[in-house]
Amino acid sequence: MTVRVGVIGTGMIGQDHIRRITQVLSGGAVVAVTDVDAGRAESVASGLPGAKVHPTGRDLIGDGGVDAVLVTSWGPTHEEHVLAAIEAGKPVFCEKPLATTKEACLRIIDAEMAYGRRLVQVGFMRRYDAGYHALKAALDEGRIGAPLMMHCAHRNPSVPPYGFTTEGMITDSAVHEIDLVQWLFGEEVVATSILKPQQQGRRRPARSADRAARDGQRCAGRRRGVRQRDVWLRHPWRDRR
C-alpha cells in the first residue's frame with residue numbers, strides 16, 4: 001500500500017520532507033503540493049511525477065486522492081490547515097509549532113478529541129534520534145543518578161535570512177526542549193522563565209538602594225552571561241535552591 005501525501009508549504013523544510021518521502025522512505029508518494037508562492041509550488045511539482053498543484057491548503061486537503069497531509073507552511077497558518085485535515089478525517093503531520101498561540105493549540109486538541117481518534121503528529125524528531133535514545137536509557141536506568149538540571153544549547157551556524165524573532169526563538173527552537181524534557185523525565189513542565197541579555201552599550205535605569213539589594217539577592221548564585229539561545233530547564237521538584 002502506498003500512502004498518498006499532500007504537502008502544504010514547499011519551502012526549505014517542505015522540500016526536505018518531500019526528499020525523504022520520495023528518496024529515503026518506502027510506502028509513500030507525494031501526489032499534491034501547494035504554496036503561497038505558486039511558482040515555487042509548480043517548480044517542486046515538476047519533479048514529482050503526476051503531482052497536482054492546488055491553489056490553497058483547503059483545496060489540497062479536500063482532494064480525494066490525498067490520504068495524509070504534511071503541513072510545512074508558515075507557523076501562523078498551521079491552525080487552519082490542521083483543523084481542516086481533522087475535519088476531513090485525514091492524518092496530518094504538522095511541523096512545529098502546532099500553532100502560534102495557546103488558544104489555537106487548544107482548539108486543535110479539542111477538535112481532535114471531538115473527532116474521536118488521533119490524527120495529528122507534531123514534528124518533534126529528537127524523540128527518534130539515536131543519541132537522545134541513549135541519553136534516555138541512561139536516565140531511566142539511573143546510570144547518572146537523579147537528574148537535577150538539563151542544559152540545552154542551540155549552536156546553529158546561521159539563522160534564516162528572513163530574521164529570527166524572540167517569539168520565533170521559543171516557538172521554533174525552544175519548543176524542542178519543552179517537548180524533550182517531558183519525554184526524558186516523564187513529567188510535565190510546571191514553570192518557565194526567560195532571561196534576555198541587554199543590548200550592547202545600553203545602560204540600565206537607575207535603581208533605588210532597596211531595589212538594588214533585592215535584585216542582588218535574586219541574582220545571587222545564578223549563572224551570569226546566559227546566551228539568548230541557551231535554554232535552562234530545572235527539574236520542578238528536585239531543584240532545592
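Residues are numbered from 1 along each chain as its sequence is written, and side-chain values use heavy atoms, with hydrogens and water left out.

I begin with confidence. The average pLDDT, the predictor's confidence in each residue on a scale from 0 to 100, is 85 for the protein, and 81% of the residues score at least 70. Over residues 218-241, however, pLDDT stays under 50. For that stretch the model has 47 contacts beyond four places in sequence, a contact meaning heavy atoms within 4.5 Å. Where pLDDT is low, the predicted coordinates should not be read in detail.

Next, the overall architecture. The secondary structure comes to eight helices and eight strands; these are DSSP runs numbered from the N terminus, helices being H or I of at least four residues and strands E of at least two. Of the 241 residues, 35% count as buried, that is, under 20% relative accessible area with a 1.4 Å probe and protein chains only, whereas exposed is over 50% and partly exposed lies in between. Among contacts between residues at least 6 apart in sequence, 66% join residues at least 24 apart.

Six strands form an open sheet with parallel pairing, in the order 3-2-1-4-5-6. Strand 3 (52-53) and strand 6 (120-122) stand at the edges, and each has a single partner strand, so one side of each is left without a neighbour in the sheet. Two strands are said to pair if DSSP finds at least two bridges between them.

Let us now turn to strand 4, residues 68-71. Strand 4 pairs with strand 1 (residues 3-8) in the parallel sense over four bridges, and three bridges join strand 4 to strand 5 (residues 92-94), also in parallel. Val 71 is the bridge partner of Ile 8 and stands opposite Cys 94 in strand 5, while Val 69 has Val 92 as its bridge partner there. Both faces of strand 4 are covered: Ala 68 and Leu 70 are buried on one side, and Val 69 and Val 71 on the other.

What of Cys 94? Its relative accessible area is 0%, so Cys 94 is buried. A disulfide requires a pair of cysteine sulfur atoms within 2.5 Å, and by this rule the count comes to zero. The closest cysteine sulfur to that of Cys 94 belongs to Cys 105, at 8.9 Å, which is too far for a bond.

Helix 4 comes next, spanning residues 78-88. Its buried residues are His 78, Glu 79, His 81, Val 82, Ala 84, Ala 85 and Ile 86, and they pack against strand 1, helix 3, strand 4, strand 5, helix 5 and strand 6. After helix 4 comes Gly 89, with a positive phi near 75°.

His 78 counts as buried because its relative accessible area is 1%. Not counting residues up to four places away in sequence, His 78 touches several residues, including Val 71, Cys 94, Glu 95 and Pro 97. The C-alpha atoms of His 78 and Glu 95 are separated by 8.4 Å, although the two are 17 residues apart along the chain. Pro 97 lies in the loop between strand 5 and helix 5 (102-115), and a cis peptide bond, with omega about 0°, joins Lys 96 to Pro 97.

Two further sites deserve a mention. Asp 63, in the loop between helix 3 (57-61) and strand 4, counts as buried because its relative accessibility is 11%. Its contacts beyond four places in sequence are Ala 32, Lys 52, His 54 and Lys 90. Elsewhere, the charged end of Lys 136 sits over the ring of Trp 183, 5.4 Å from its centre; the rule asks for NZ of Lys or CZ of Arg within 6 Å of the ring centre and within 35 degrees of the ring normal.

Notes
Predicted model: local features only at pLDDT ≥ 70, side-chain atom pairs only at ≥ 80, totals over all residues.
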